[in-house]
Amino acid sequence: MKVKRNTLLLIACLVWSAAGFNILRIGLSAYAFYLSILNILLSFLVFLVFQRFVFGKLVKKHTARIRAYLEDRHFFLKFFDAKSFAIMAVMMTGGIVLRSSGFVPERFIAVFYTGLGASLLLA
């Protein structure tokens with residue numbers, strides 16, 4: 001199925017938003033037991049770091065790449081390049097392994113996932 005360039009941008013937005021919402025939901029569900037000013041500040045720091053150095057840059061890069069396409073219509077999965085699909089797969093796998101292995105404490109999941117999810121959702 002081929003879609004217009006603006007639709008590719010919308011698909012990218014929806015995919016990132018869905019991922020961000022899900023990560024934020026996981027973080028907030030774990031937050032109830034660890035609610036403190038320090039943890040809120042740490043979540044905000046995670047948010048700022050990912051917004052500034054990761055997701056903010058990715059949004060600009062993907063938007064520029066999609067807008068630079070010469071053809072009017074493109075395959076609907078072309079909103080990401082191969083590298084971005086690989087990064088997303090590694091991030092999803094890493095997150096699932098971290099949570100299911102018990103390798104990191106629940107407090108880390110609460111603080112980190114809340115900042116990460118909020119950053120991804122708002123990117």
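This tour goes from a pair of packed helices to one residue between them and then to a residue elsewhere in the chain.

The model is predicted, so local features need pLDDT of at least 70 and side-chain atom pairs count only at pLDDT 80 or more, while totals for chains, interfaces and linings use all residues. Residues are numbered from 1 along each chain as its sequence is written, and side-chain values use heavy atoms, with hydrogens and water left out.

Select helix H2 (residues 37-67) together with helix H4 (residues 106-122), which pack at an angle of about 40 degrees with their axes 8 Å apart. Helices here are DSSP runs of H or I with at least four residues, numbered from the N terminus, and axes are lines fitted to C-alpha atoms over the stretch in contact, with angles from 0 to 180 degrees between N-to-C directions.

Now centre on Ser43, which lies in helix H2 and is buried, with a relative accessible area of 7% (buried is under 20%, exposed over 50%, partly exposed in between, with a 1.4 Å probe and protein chains only). The side chain of Ser43 reaches the backbone oxygen of Val111 at 2.9 Å.

Finally, select Met92 in helix H3 (residues 82-101), where Met92 is exposed, with a relative accessible area of 51%.

Notes: Helix = DSSP H or I, 4+ residues; strand = E, 2+ residues; numbered from the N terminus. Polar contact = N/O pair within 3.5 Å; in protein donor to acceptor, adjacent residues only side chain to side chain.
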